[in-house]
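Student: Could you take me closely through a single part of this model, starting from one side chain and moving out to the elements around it?

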Amino acid sequence: MARIFSGIKPTGHLTLGNYLGAVRQWVDADQHRADALFCVVDLHALTVDHDPARVRRLSRQAATLLLAAGLDPGLCTLFVQSHVDEHTRLAYVLECTATDGEMRRMIQYKEKSARERAAGGSVRLSLLTYPVLMAADILAYGADEVPVGDDQAQHVELTRDLAVRFNQRYGRTFAVPKAVLPLVAARVMDLQDPTSKMGKSHAETAGIVYLLDESDVVRKKIMRAVTDSGSEVVYDREAQPGVANLLEILAGCTGRKPMEVAAEYSSRGSSYGALKKDTAEAVVELLRPIRDRHAQLCADPSYVDGVLREGAGRARGLARPTVDAAYRAIGLLPPV
Ligand code: AQP
């Protein structure tokens, strides 16, 4: 049976992008067909300026939302990254495998460090090295597949490179994983700026649909989405990024292809307004049950605690032998 690993960082409230790009395939497919591990990667949330209480709150909220979205602890393993020491143990060994140049080429590092500097802040060293921690998250479990949105593909590529390099130098220790991207909505864009990704840590929130947004708020955000000049509904990411984004979202919500959806609107001569209205209703219907289930789970915190405790226990047991093997392979003396 294939092993799958993926994670989500508690840097903000989960968004429609997180759901369509990653969580939905974890729920609908991955947990049913593989030995799947899903992780709230809280250590990654410390790579940028953060409020400790907020990270704690968001970590619990992310775990609760993943359960609300349909992760079933009877089918998969859900845990919090910092509860399993093997991640950081392995990260150091992988830092001794990666190069400085590799880290500086990471697009997320370039973008986020530029943002931090522009805001007058300093850039944490961990922002540079966090892709190595992500590699450790994946390699510790011998994952074959990593279901992610498009923005994380480069980090999974780095993970593959590190696994191959380590195996060549020190002997076969790691499985070499591959990224699995959704066919539709692999990169949901900000509704107010359809040329940039809908990101949960962005300061401007008008173009971001959060999973916990009330239905009226969802409708308002989608009805106010920036569209393009012209009026015909066509799926063209370059020429009409705003309309293409709405088509991706609607197609993602309804399990269709954006091209097909566009053809329907165009053959009916429908306007952007109709597309926005239908997209808003599809998203409202998608999120309503998740929000309701989240409210129920919040009333039962001991259930969520139990899931995370058990998940961490299982994860630890799976990761330790691989990390111990990596320590031996790279030349560290086993404890006596
Ligand atoms: N907009 C998106 N469209 C499709 N997939 C997305 N993912 C994230 N945003 C989109 C996928 O969701 C999973 C978890 O994401 P993450 O927590 O690692 O990253 P994030 O939500 O992008 O959070 P950041 O990095 O804190 O946000 P920003 O960009 O605001 O700085 C991943 O599989 C990711 O691909």
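**A loop aspartate and the neighbouring helices**

Tutor: The side chain of aspartate 144 comes to 2.7 Å from the backbone nitrogen of arginine 3, a polar contact being a pair of N or O atoms within 3.5 Å, where within protein one must be able to donate a hydrogen and the other to accept it, and where residues adjacent in sequence count only if both atoms are side-chain atoms. The model is predicted, with local features needing pLDDT of at least 70 and side-chain atom pairs pLDDT 80 or more, while totals for chains, interfaces and linings use all residues. Residues are numbered from 1 along each chain as its sequence is written, and side-chain values use heavy atoms, leaving out hydrogens and water.

Aspartate 144 lies in the loop between α6 (125-139) and β4 (145-147), where helices (H or I, at least four residues) and strands (E, at least two) are DSSP runs numbered from the N terminus. Because its relative accessibility is 31%, aspartate 144 counts as partly exposed, that is, between buried (under 20%) and exposed (over 50%), with a 1.4 Å probe and protein chains only. Leaving aside residues up to four places away in sequence, aspartate 144 touches Ala2, Arg3, Val176, Pro177 and Lys178, contact meaning heavy atoms within 4.5 Å. Phenylalanine 5, 139 residues away in sequence, is 8.1 Å from aspartate 144, C-alpha to C-alpha.

As for the helix α6, its axis and that of α7 (residues 153-170) come within 9 Å and cross at roughly 70°, axes being lines fitted to C-alpha atoms, for helices over the stretch in contact, with angles from 0 to 180 degrees between N-to-C directions.
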